[in-house]
Amino acid sequence: MTGKVYLIGAGCGEADLITLKGLKKLLEADVVLYDSLVDEELINSIPSNVEKVSVGKRYHQKSMPQEEINKLIVQYAKCDKVVARLKGGDPYVFGRGSEEAQMLEKENIQYEVIPGVSSAIAVPELAGIPVTHRQVSRSFVVLTGSSAGADNRENLTPIDYEALTKFGGTIVFLMGYHHIEEIVENFKKAGMRGDMPCAIISKGCTKEQKVIRGCISNIISEISNIKVMAPVVIVIGECVGLNLGEGISIAFDENAKKKIDFGSLKIGVVGSENFVHKFSSKISDRNCKIVDLSFLDIVCSKDDLPELKNFEWIIFTSQNGIEQFFRKLKREHKDIRLLSNLKIAVIGSGTAEKLLEYGIYADLIPYKFDSETLTKELLSALKKNERVLIIKAKDGSDVLSNSLREGGYEFEDFSIYELRENSEKKSIISALNKNSFDVDYLVFGSAKGVTTFFDSFITRLNKDTKIVCIGQKCAQALEPYSVSKFLVADRYNIDGIIKCIEKDFNKD
C-alpha cells in the first residue's frame, strides 16, 4: 500500500491566496513539504500533529536538493502517508512540479495536482497592471530570470532579447531579482525603445509590496535609492502604462512605507549582544537609531547534560538554549546521534530555524509562539508514559513545567544558561547616558534585563519612553517598579516586538 501525494500551489504572497481545494487537502495531509516562499501564516495553520518539512528553494540560499526532495516524497508516500508538496505560486510554473509528477508516475504513486495563483499574473494585477488589454496587448510571455546552467549554478537565463523586443505583448520575468540590471541592459542592446514602460514589483501580493514604475531608459536609476527585496516580478510592455487600480498599488506602497520607515525614532534595546545584534539586523531597513544596551552576558551552565536516552521528548524554549545545547554536546564529547530517537518541540519559527542550522527539523512548532501555546500543543501530542526534557534559561517561564507536573507527566527542567550582568559594559553604558536614556521605545528581551536596568537606571528613564516587553514573564518583572504602562509583543520573539512597535507607531 502507498499513500497519495498532492502537488499544491500555495498561491503567491499572503496565505489567503491559496485555493479552497488546496487548503482542504493541505489540512488533510500527514506530512507537508513546503518551500520558503510560502507564507508563514499558512504553515502555522497546519495542525500541530502534522509533520512539517521546510525544503528551502531560494536563490543561492541553503536548500534541500531536488533529488532529496523527490526521495522524501516517495519515502513518505510508500509509508502510506498523505503527502502535501506545498509550492509557492503554481506547481508547474517554474516550480519543478512537473519533475516531481514524473517521478511519482515512475514510482507508480497516486498523485493529484492542485493549481495555484501564479505570481506571473497576480502580482502585476495587484500593482494595477493587466498582462493583457484590448488594443494594447493581446498576449503575454512569462520567463524566468534565473536558471541552472551546465555548472548547476543559478545564472541569468539565456534569452533571445531581439525576438522579445519584436514580440509586441507584455513581458513578465519571475525570479529576476539578482539580474535586473542585466535584463534591462540586454533589452537596450536589442533595440527596445527607451520609453517602453517598465515596472519592478517587490514582495508582490503582500502588505510589504513596492511598485517602482519607469521605462527601459530610467528604471535602473529609479530603483537605485530604493531598497528592493526579493521576490521580484519585472513587467515590461505598454500595459504597464495603464496604471489600472492605481489606488490599490498606492495603498500597498503607503502601507510598506509606514511599516519600514520609523523616521528618526530612537529604540533602546536591553539584552545580550546576540539579542541586540539580531534586533538591529531585523530593523535595519526601518530608518531608526538603535541604542545598544547589551550589558547582559549569556553564561552556560557547568552541569552536565542529562542522559538523553532517558527521554522521549526534548523541548527548546529559545535560540540561545539551542546554541548552548549543541556546544555542550561537543564539549561533553556526546554524539549528535543521541537525538535520533527523540521528538523535538520548539517555541516558535525562529527557534525552529536555529535548530535547522544543525540539520534537525522540529517535530512540533506551535501556531502561536509563546509558552502557553507550546504547552497546550505539547500536552495534546504527549503520551502518558513519555518523558520530557526541557532546555531553558535559568529564569525562564515555568508554564510548561507546572502544566506537566499537574498532569502527572515525568519531566526534567535543565537550566542550560543564565543571563548575567556585565558590570564593565554596564558602567560604560551608564557613563554614555549620564543624564537620561533619551529613547522613544525601550525594548526588553528578558525579565533579567528588566531588573538589571531598573535597579540601576530607573531615575534616568524619560517619562515619555514606551516600554516594550518580549513576553508576559518579562512584563511581570516590571511590577516592583510601579510601571503601569507598557507594551507586550503578541509573539514572543524579535519579529513580535517589531510588529508591536510598528502597531503603536502607526497608531500615533
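Colleague: How many helices and strands does the protein have?
Modeller: This is a predicted model, in which local features need pLDDT of at least 70, side-chain atom pairs count only at pLDDT 80 or more, and totals for chains, interfaces and linings use all residues. Residues are numbered from 1 along each chain as its sequence is written, and side-chain values use heavy atoms, with hydrogens and water left out. Helices (H or I, at least four residues) and strands (E, at least two) are DSSP runs, numbered from the N terminus. On that basis, the protein has 18 helices and 21 strands.

Colleague: What is the radius of gyration of the protein?
Modeller: The radius is taken over C-alpha atoms, and the globule rule is 2.2 Å times the number of residues to the power 0.38. For 508 residues, a compact globule would have a value near 23 Å. The protein agrees with this, at 26 Å.

Colleague: Where is serine 301 found, and is this residue buried or exposed?
Modeller: Serine 301 lies in the loop between β14 (289-300) and β15 (313-316). Buried means under 20% relative accessible area, exposed over 50%, and partly exposed in between (1.4 Å probe, protein chains only). Because its relative accessible area is 16%, serine 301 is buried.

Colleague: Which residues does serine 301 touch, not counting residues up to four places away in sequence?
Modeller: Contact means heavy atoms within 4.5 Å. With residues up to four places away in sequence left out, serine 301 touches Lys328, Phe414, Ser415, Ile416 and Tyr417.
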